[in-house]
Amino acid sequence: MAQVKAVLLDLGNVLVFHDNAVLFSRLGARAGLEAGEVARRLSGAGWTDANRGVLGAEGIRQDVCRGLGVDLPMAEFAALWSSHFTLHDAVLPRVEGLLGRVRVGLVSNTNALHVAYLRPLLPVLRRFDSVVMSCEVGHVKPEPDIFRLALEGVGCAPEEAVFFDDLPEFVQAAEAQGIQGRLFTTADAFDAQLKALGL
């Protein structure tokens, strides 16, 4: 196994938690719908278009509001749309501890409104060697190009990088590109995985 020169991290359920049940409940309360109905109506929404950057902030607002039968002003909608995030406080110090020791990068499927909300809450991202947000590069996981961009950003060969994601299919997609993949579960497990890698 090659020496690890770069650690690539997912965003959702790694650096921040996102509770979609909370999101659907809060949107439903505003739209006069049950959370389950919100989930059903949004299941066909343009998630991939939003994550790919085809839909910007206003496009997301219009798409979701149309699906729910409401018309919320952007300020209210944007606050609701990101109201389900909490920082993963237990893992952030461990990530801070990697900086300066190895190259650190982010690889995330996300949309313009979530990026605008989360960047100020995660100042550590400014110290990352590479930040690849799907909506900013036009590629989404599990596509090979998003991993290619991440590797270019941290400047190392695939086998010299390890990628942590909470979704097995994305771990497998990284491994298909030659990257060492690890399934992220908890902060303690992350710590043990890093130690096993010599970090």
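**Reading the pocket, the domains and the core**

Reply: Let us begin with the pocket. The lining of the largest pocket receives at least two residues from each of α1 (20-31), α3 (47-52), α7 and α10 (168-176). Please bear in mind that this is a predicted model.

Me: Which helix supplies the largest share of the lining of the largest pocket?

Reply: That helix is α1, with three residues.

Me: How is the space of a pocket found, and how much space lies in the largest pocket?

Reply: In general, a probe the size of a water molecule is rolled over the atoms, which shows where empty space is left. Here, the largest pocket holds about 560 Å³ of space. It is lined by 24 residues, and those closest to its centre are His18, Asn20, Asn51, Asn109 and Thr110.

Me: How do the residues of this lining divide into nonpolar, polar and charged?

Reply: Eleven residues of the lining are polar, eight are nonpolar and five are charged.

Me: Which domains does the assignment give for the protein chain?

Reply: The domain assignment gives domain 1, made up of 6-17 + 87-197, and domain 2, covering 20-82. Their C-alpha centres lie 26 Å apart. In the contacts between them, 13 residues of domain 1 meet eleven residues of domain 2. Each of the two domains also contributes at least three residues to the lining of the largest pocket.

Me: Where is Ser83 found, and is Ser83 buried or partly exposed?

Reply: Ser83 is found in the loop between α5 (74-81) and β3 (85-87). Buried requires under 20% relative accessible area; Ser83 has 21% relative accessibility and therefore counts as partly exposed. Leaving out residues up to four places away in sequence, Ser83 touches Val22 and Arg26. The C-alpha atom of Ser83 is 8.9 Å from that of His18, although 65 residues separate the two along the chain.

Me: Which residues touch the most other members of the largest nonpolar core?

Reply: In this core of 32 residues, they are Val7, Leu9, Leu15, Phe128, Phe164 and Phe190. At least two residues of the core come from each of β1 (6-9), α6 (92-98), β4 (103-108), α7 (112-118), β6 (161-165) and α11 (187-196). Leu9 illustrates the packing: beyond its neighbours within four places in sequence, its contacts include Leu15, Val95, Leu106, Phe128, Phe164 and Phe190.

Me: How many residues make up the second, separate core?

Reply: The second core has 18 residues, among them Phe24, Val38, Val64 and Leu113.

Definitions and conventions. Residues numbered from 1 in each chain as written. Predicted model: local features only at pLDDT ≥ 70, side-chain atom pairs only at ≥ 80, totals over all residues. Heavy atoms only, no water. Core = buried A, V, L, I, M, F, W, Y, C linked by side-chain atoms within 4.5 Å. Buried < 20%, exposed > 50% of the residue type's maximum accessible area, 1.4 Å probe, protein only. Helix = DSSP H or I, 4+ residues; strand = E, 2+ residues; numbered from the N terminus. Contact = heavy atoms within 4.5 Å. 1 Å grid on protein atoms, 1.4 Å probe; cavity = no way out; pocket = protein on both sides within 12 Å on 5 of 7 lines; lining within 4 Å. Points joined across faces, edges and corners; volume = space filled by probe spheres on them. Nonpolar A, V, L, I, M, F, W, Y, C, P; charged D, E, K, R; others polar. Domains from an automatic or database assignment.
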